[in-house]
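Please read it alongside the sequence and the model shown here.

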Amino acid sequence: MGLTVCGLAGSPFFRKVCTVLNEKGVAYDIENLSPFGAGDEFTKMNPARRIPVLKDSDVGDDFVLPDSSAIVHYIERKYSKNSLMPSDPVEYGRAMWFEEYADSEMASKIGLGVFRKVVFPQMAKQAPDLEGAIEVIRNTLPTIHDYIEGELEGKEWLAGDMFSIADISVAVQYGNLAFTGYAPSAERWPNLAAFMRRVGQKESFAGLHMRAATYFAEMKKIELDPAEGL
Ligand SMILES: N[C@@H](CCC(=O)N[C@@H](CS)C(=O)NCC(=O)O)C(=O)O
């Protein structure tokens with residue numbers, strides 16, 4: 001009873017919601033739901049046919065809320081303890097920005113550009129497009145890493161001097177990069193590497209991340225020459 005998060009651990013948006021619930025200490029169930037091949041029922045849950053969606057039986061059997069951002073903000077209103085939103089207006093605004101940047105810009109470049117090229121073909125027992133993914137890593141991702149690296153200068157966390165929705169949103173996207181075998185160079189982006197180590201030490205993030213990593217473990221991974229400095 002109560003909350004059920006529907007989706008798959010390989011989805012960064014699904015893990016974002018679960019990490020928030022874990023961090024807040026709110027109990028929930030997980031319902032495995034793949035957006036691919038789901039029936040018409042799924043369109044009724046989310047007309048965009050995307051995961052995650054949240055069910056809350058406290059509200060009623062028909063209550064379904066799509067979209068990780070809508071879900072996270074719903075959870076924050078319903079359970080105020082251990083807030084993941086900075087209270088200062090400027091830092092709150094920054095946290096909202098990082099959440100949006102991660103969910104749109106990072107997700108399209110990392111999710112579509114790298115993760116799907118490596119993982120999706122292998123799920124269909126086909127060869128991964130490793131070269132296509134490496135091209136995105138070479139030409140597109142450094143702009144994202146440079147930006148996050150600069151925003152972390154002299155800081156542990158992205159907004160409000162606290163572990164917040166900003167950090168969770170960004171870290172789950174980098175989590176999906178890790179599943180492909182690629183992590184940004186710690187020499188070139190040391191703040192980013194240290195940030196991901198800090199997030200990785202949080203059980204709220206690491207449990208589900210490791211579960212997904214195990215699922216992808218046997219797949220062929222990206223291998224880059226360290227001399228490329230990527
Ligand atoms: N803005 C949405 C994005 C959700 C999303 O794109 N989910 C992906 C999985 S990571 C999905 O369901 N994709 C289905 C598809 O591409 O058909 C959110 O924050 O929940």
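How far does a polar side-chain atom of Arg116 lie from an oxygen atom of the ligand? In this predicted model, the separation between a polar side-chain atom of Arg116 and a ligand oxygen atom is 3.1 Å. The protein covers 78% of the 510 Å² of accessible area that the ligand has on its own, and the site in which the ligand sits is the largest pocket.

**Surroundings of the ligand**

- The residues around the ligand are Ser11, Pro12, Phe13, Pro35, Phe36, Arg49, Arg50, Ile51, Pro52, Asp67, Ser68 and Arg116.
- Sorted by class, this shell is made up of 6 nonpolar, 2 polar and 4 charged residues.

- For Ser68, an N or O atom in the side chain is 2.6 Å from an oxygen atom of the ligand.
- Arg50 likewise places a polar side-chain atom 2.8 Å from an oxygen atom of the ligand.

**Aromatic pairs**

- The structure holds 11 aromatic pairs, and one of them is formed by Phe179 and Phe216, whose rings are 5.1 Å apart from centre to centre, with 40 degrees between the planes, an arrangement that counts as tilted.
- This pair links distant parts of the chain, since Phe179 belongs to helix 7 (residues 165-179) and Phe216 to helix 9 (residues 203-216), with the two residues 37 residues apart.

Notes
Residues numbered from 1 in each chain as written. Predicted model: local features only at pLDDT ≥ 70, side-chain atom pairs only at ≥ 80, totals over all residues. Heavy atoms only, no water. Near = heavy atom within 4 Å. Polar contact = N/O pair within 3.5 Å; in protein donor to acceptor, adjacent residues only side chain to side chain. Areas by Shrake-Rupley, 256 points an atom, 1.4 Å probe, with all protein chains shown as cover. 1 Å grid on protein atoms, 1.4 Å probe; cavity = no way out; pocket = protein on both sides within 12 Å on 5 of 7 lines; lining within 4 Å. Sits in = over half its atoms within 2 Å of the grid points. Nonpolar A, V, L, I, M, F, W, Y, C, P; charged D, E, K, R; others polar. Phe/Tyr/Trp six-rings, centres within 6.5 Å; stacked < 30°, edge-to-face > 60°. Helix = DSSP H or I, 4+ residues; strand = E, 2+ residues; numbered from the N terminus.
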